[in-house]
Amino acid sequence: MPKPGPRTSRRTTVEEISAGGIVVDFSHPLLTVAVIARINRAGRIEWCLPKGHLEGTETPAEAARREVEEETGIAGQIICPLGTVDYWFTVTGIRIHKLVHHFLLRAQSGTLTVDNDPDQEAIDAAWVPFNDLRSRLSFANERRIVAAARPMVSRLEQ
């Protein structure tokens, strides 16, 4: 009897592109950043940077501004790109390859709220001092983006 061959998987793969960022209130002495809380699939709260999918013909920078404002209520001005996070995950048997473009933004106006989040994914929002972000954020890839932003934030606060 022949040996069975290696098992192969023919899962569907989907490519997703999102954008978001670190929106800093440079007028606050602690350089506060607007972050959001979401409930993950396991029912736990995760604190993260605001972000979401590009819509239509939006550029990543345009999507980042829109998503930050929708999810936090804070309108921001793009200062510079911070990098792109590239990762894979699986949902209901579908492999998803996701790219998330992150930007540094200067808070310009608005009031911190999750009430305008059209997808109602954000359950809470908070201003967190920039120096406390790394301990508040749930994801290592977002903590790396914060570390990459640190030199630029330091230059801008002077």
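Serine 135 belongs to helix 2, residues 133-136. Helices (H or I, at least four residues) and strands (E, at least two) are DSSP runs, numbered from the N terminus. Is serine 135 buried or exposed? Serine 135 is exposed, at 69% relative accessibility. The cut-offs are these: buried is under 20% relative accessible area, exposed is over 50%, and partly exposed is in between, with a 1.4 Å probe and protein chains only. Between the C-alpha atoms of serine 135 and glutamine 108 there are 25 Å, and 27 residues along the chain.

The model is predicted: local features need pLDDT of at least 70, side-chain atom pairs count only at pLDDT 80 or more, and totals for chains, interfaces and linings use all residues. Residues are numbered from 1 along each chain as its sequence is written, and side-chain values use heavy atoms, with hydrogens and water left out.

Now take the whole chain. It has 3 helices and 7 strands. From the N terminus, their order is β-β-β-β-α-β-β-β-α-α. Along the principal axes, the C-alpha atoms fill a box of roughly 75 × 35 × 30 Å. The chain has 158 residues, and 42% of them count as buried. Contact means heavy atoms within 4.5 Å. Of the contacts in the chain with a separation of 6 or more, 67% come from residues 24 or more positions apart.

Next, the strands. Two strands pair if DSSP finds at least two bridges between them. Strand 1 and strand 6 (residues 94-110) run parallel, joined by 12 bridges. Here alanine 19 stands opposite histidine 101 of strand 6. Strand 5 also pairs with strand 6, in the antiparallel sense, over 16 bridges. In strand 6, isoleucine 94 stands opposite valine 91. Strands 5 and 6 form a hairpin with 2 residues between them. In its turn, threonine 92 has a positive phi of about 45°.

Stay with strand 6, where isoleucine 96 is found. Why does isoleucine 96 count as buried? Isoleucine 96 counts as buried because its relative accessibility is 9%. Beyond four places in sequence, isoleucine 96 touches Val14, Glu16, Tyr87, Trp88, Phe89 and Val91. Isoleucine 96 and glutamine 108 are 12 residues apart in sequence, yet 34 Å apart in space, C-alpha to C-alpha.

Histidine 97 is also in strand 6. It counts as buried, at 13% relative accessibility. Its side chain has a polar contact of 2.6 Å with the side chain of glutamate 15. Another, also of 2.6 Å, joins histidine 97 to the side chain of aspartate 86. In a regular strand the side chains alternate between the two faces of the sheet.

What lies inside? A nonpolar core is a set of buried Ala, Val, Leu, Ile, Met, Phe, Trp, Tyr and Cys residues joined through side-chain atoms within 4.5 Å. The largest core has 22 residues, and Ile22, Val24, Val35, Phe130, Leu133 and Val153 touch the most other members. Strand 1 (13-25), strand 2 (32-39), strand 5 (74-91), strand 7 (122-129) and helix 3 (140-157) each give two or more residues to this core. Helix 3 gives the most, with 4 residues. Apart from this core lies another, of 9 residues, including Val23, Ala34, Val68 and Phe103. Valine 35 touches, among others beyond four places in sequence, Trp47, Leu49, Val128 and Leu137.

Glutamate 71 sits in helix 1, residues 60-72. It is buried, with a relative accessible area of 1%. Its side chain makes a polar contact of 2.8 Å with the side chain of arginine 38. Further contacts of glutamate 71 include Ile36, Pro50, Lys51 and Thr113.

Two other arginines meet rings. The charged end of arginine 106 sits over the ring of phenylalanine 26, 4.6 Å from its centre. The charged end of arginine 136 sits over the ring of tryptophan 47, at 4.9 Å from the centre. A charge sits over a ring if NZ of Lys or CZ of Arg is within 6 Å of the ring centre and within 35 degrees of the ring normal.

Technical notes
Polar contact = N/O pair within 3.5 Å; in protein donor to acceptor, adjacent residues only side chain to side chain.
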